[in-house]
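User: I am new to this structure and would like to go through it step by step. Could you take my questions as they come?
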Amino acid sequence: MSHPRFRTGLLAALLGVLLPVLPASAEMDLVVSDAWVREAPPGATVLAGYLKITNRGTAHATVSGVSAADFSSVEIHRTVMENGMARMLSAEQLEIPAGESFVLEPGGYHLMLFNPARPLAAGDSVELLLHVRDGACLAVDAPVARMTLDQHP
Amino acid sequence: MQQRNSFIRTKLIPGIIIGALAMGAGIWVASLLTKHSPVADPLAATRFPAARPVQAFSLLDHNGNVFDNATLAGHWSFLFFGYTHCPDVCPTTMSVLNSVARRLQDAGENIRFVMVTVDPERDTPEKLGQFVTYFNGKFIGVTGSETDLQQLTKQLGIMFMRVNDADNAAGYLVDHTASVFLFDPDGNYHAVFSPPLTAEAMAGDFSMMARDYR
Ligand SMILES: [Cu+2]
């Protein structure tokens, strides 16, 4: 899976214009990698997104939500297996302790992306906005990709 | 110090000796049990000493054809129970099944792959068809009324239940058994693959079971 292009610098610049004062930035300590959206069958109304968030800072970080202009709403979910049953539970937020990473991947934590505004196929990309507890916002380009089992066992 | 020494003498040392004896006895009993238990099945799948007949059920595939006991006969069938509004587990399982299909394409066996919906209200035959054929053009989607579905799911011990999550933009989710069920060419319930599912293990297990079946 190729790394998405990061637009955090651009976003930070934009936020600098939009917001009078940026909080002493914890958001720049969060690095998002391996973001991708799973290509879904035609007509799908729910897609899944995955990524890895690394907290390179010294302070605990909380991602309180995710949004995306290409979808009507985004939720954070977790797939759990209980007695052989697959269940999906909502997660309010993601906690990333200082120096640690949080991975969203198939079969575990994932983003639920509802009602795509346009048809999405492998090769497209969507912008995800991660809302950090301190009020900052991280933008990441997530390529749409077919899940291939060789890459994601 | 004095007290501690006496604790070591009166409690700790006898404790250690008893513990060691118990552990030794445990290992001895365990070794006896393994010696006398039947040879473990080398499969990751759970197969039954004798394949189980399937009670009558009748459903429809995504092309509108009847899918019932007779449809199971004459070839192997992998059945998965899922729904199209499920973006994580179900697509992953379908991808695994596609990988199983590719690994077994030269196995000389007639194999069908079927997803039976656990969400008949939203999964119309058309939507099911779009969903399953996205993963593999030969995959089959099957649906029916909730009552008709229960005829099949109950006897297989499959559970599915709608979860009304007010926060969820999809309206509702469906918790469901994530296993894959294997039926043999007699139309009998032959084995079950429980998660975590890997294509490699499933294809390997299938090859062994198909060989034993012949
Ligand atoms: Cu989900």
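Predicted model: local features only at pLDDT ≥ 70, side-chain atom pairs only at ≥ 80, totals over all residues.

User: How many residues of chain A are in contact with chain B?
Analyst: On the chain A side there are 32 residues, in contact with 30 residues of chain B. The area buried between the two chains is about 2,300 Å², and carbon and sulfur atoms give 60% of that.

User: Which three residues of chain A supply more of its buried area than any other three?
Analyst: They are A:Pro41, A:Met85 and A:Leu149, which supply 24% of the area that chain A buries against chain B.

User: And how many salt bridges are there across the interface?
Analyst: The rule finds 2 between chain A and chain B. A:Arg87 forms a salt bridge with B:Asp175, where the closest N and O atoms are 2.9 Å apart. By class, the side of chain A that touches chain B has 16 nonpolar, 10 polar and 6 charged residues.

User: Changing topic: what do the buried residues of H4(B) pack against?
Analyst: They pack against helix H3, strand S5 and strand S6 of chain B. Among these buried residues of H4 are B:Phe131 and B:Tyr134.

User: Why is H3(B) described as largely enclosed?
Analyst: Because 13 of its 15 residues are buried, H3(B) is largely enclosed by the rest of the structure.

User: Is B:Asp119 buried or exposed?
Analyst: B:Asp119 is buried, with a relative accessible area of 1%. This residue is found in the loop between S5 and H4 of chain B. Leaving aside neighbours within four places in sequence, B:Asp119 is in contact with B:Tyr83, B:His85, B:Tyr172 and B:Val174.

Definitions and conventions: Residues numbered from 1 in each chain as written. Chains lettered and ligands numbered in written order. Heavy atoms only, no water. Buried < 20%, exposed > 50% of the residue type's maximum accessible area, 1.4 Å probe, protein only. Helix = DSSP H or I, 4+ residues; strand = E, 2+ residues; numbered from the N terminus. Contact = heavy atoms within 4.5 Å. Buried area = accessible area lost by both parts, 1.4 Å probe. Salt bridge = Lys/Arg side-chain N within 4 Å of Asp/Glu carboxyl O. Nonpolar A, V, L, I, M, F, W, Y, C, P; charged D, E, K, R; others polar.
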